[in-house]
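Here is a short walk through one protein model. Keep the sequence and the 3D view open as you read.

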Amino acid sequence: MKLDILVIAAHPDDAELACSGTIAAHIAKGYKVGILDLTQGEMGTRGTPEIRLQESQDSAHILGLSARENLGFRDIFFRNDETHQLEIIKVIRRYKPEIVLANAIRDRHPDHGKGSSLASVACFMSGLRRIETEDEGVNQMAWRPKFVYHYIQNNYIKPDLVVDITDHWDKKIASIKAFKSQFYDPNNKEPQSFISSEGFLDFIEARAKEFGHSIMVKYGEGFTVERMIGVEDLFDLK
């Protein structure tokens, strides 16, 4: 299956928190979108890898994803090295996305910046034909996505572009809440985490409103770019 957009995320729920509105908006337009989670988030304060995998699939159903995979890298301990790069390259070559959305270039959680650079390197390397990979015993052809954009997570980063997600806000929130083990639940007796506080989703909404305000809409999601982007028609700009 060929994807139009592949979202690469260090942890299950990274994509939902940061760019699920963008995902939903593009699926609504008929694009095929998939998510590649690098780890199972097993170092998280709450939940288990098994629970988070089920939550990931629940969210995938809500969003209408065409594919979702988890590479099972070690949470917090994965590296930007040849072994990990090759595993991501195999997935990029399998789905041949035109666009990759990747973690924030820097953030509170070290896996986010690390995942960001790992995804960027893998996207470039995937286009090198002398790097040989196989998928189910079949040699893969080189493929390099046309664009790599980085979503913005906990730490504020001034975006280079903002996507209007106003019409897809409810679906974004539903996809986040699919991760029931991770977010506020007064009946959950596990230790509280950074993201499980009652006010955390208020922060997510405030950030979306801030980015939306910058382009004169209600809700938005921001991204940074790796290279200059261009348009043929100034009226394509919002």
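A salt bridge, as the term is used here, is a side-chain nitrogen of Lys or Arg within 4 Å of a carboxyl oxygen of Asp or Glu. The model is a predicted one. In this structure there are 13 salt bridges.

Begin with R94 and E69. Their side chains meet in a salt bridge, at 2.8 Å from N to O. R94 sits in helix α3, residues 82-95, and E69 in strand β3, residues 67-73. The two are 25 residues apart, and the pair links distant parts of the chain. R94 is partly exposed, at 27% relative accessibility. E69 is also partly exposed, at 23%.

Next, find K238 and D164. Here the salt bridge spans 3.6 Å, N to O. K238 lies in the segment after β9 and D164 in strand β8, so this pair ties together parts that are 74 residues apart in sequence. K238 is exposed, with 71% relative accessibility. D164 counts as partly exposed, at 28%.

Now turn to E221 and K172. Their side chains form a salt bridge of 2.7 Å, N to O. E221 belongs to strand β9 and K172 to helix α5, so parts that are 49 residues apart in sequence are tied together. Is E221 buried or exposed? E221 is buried, because its relative accessible area is 2% and the cut-off for buried is under 20%. K172 is buried too, at 2% relative accessibility. Elsewhere, salt bridges that share partners join K2, E98 and K146 into one network.

Helix α6 comes next. The helix covers residues 200-214, which makes 15 residues. From its first C-alpha to its last it reaches 22 Å, close to the 21 Å expected at 1.5 Å a residue. Which residues of α6 are buried? They are F200, I204, R207, A208, F211 and G212. Look down the helix axis: the buried residues of α6 fall within an arc of 135 degrees, so they line one face of the helix. On the other side of α6, D202 and H213 are exposed.

What do the buried residues of α6 pack against? Their partners are α1 (14-28), β8 (161-164), α5 (169-177) and β9 (220-225). Three of these names have come up already. D164 is in strand β8, while E221 is in β9 and K172 in α5. After α6 comes M216, whose phi is positive, near 65 degrees.

Move on to H112, in helix α4, residues 110-125. H112 counts as buried, with 8% relative accessibility. Its side chain makes a polar contact with the side chain of D107, at 2.8 Å. Setting aside neighbours within four places in sequence, H112 is in contact with A10, H11, D14, N103, A104, D107 and Q153.

Last, the cysteines. How many disulfides does a search of the whole structure find? The search finds zero. C19 is in no disulfide, and the nearest cysteine sulfur, that of C123, is 14 Å away. C19 is buried, with a relative accessible area of 0%. C123 is buried as well, at 2%.

Terms used: Residues numbered from 1 in each chain as written. Predicted model: local features only at pLDDT ≥ 70, side-chain atom pairs only at ≥ 80, totals over all residues. Heavy atoms only, no water. Helix = DSSP H or I, 4+ residues; strand = E, 2+ residues; numbered from the N terminus. Expected span 1.5 Å × (residues − 1). Buried < 20%, exposed > 50% of the residue type's maximum accessible area, 1.4 Å probe, protein only. Arc of directions from axis to C-beta. Contact = heavy atoms within 4.5 Å. Polar contact = N/O pair within 3.5 Å; in protein donor to acceptor, adjacent residues only side chain to side chain. Disulfide = S-S within 2.5 Å.
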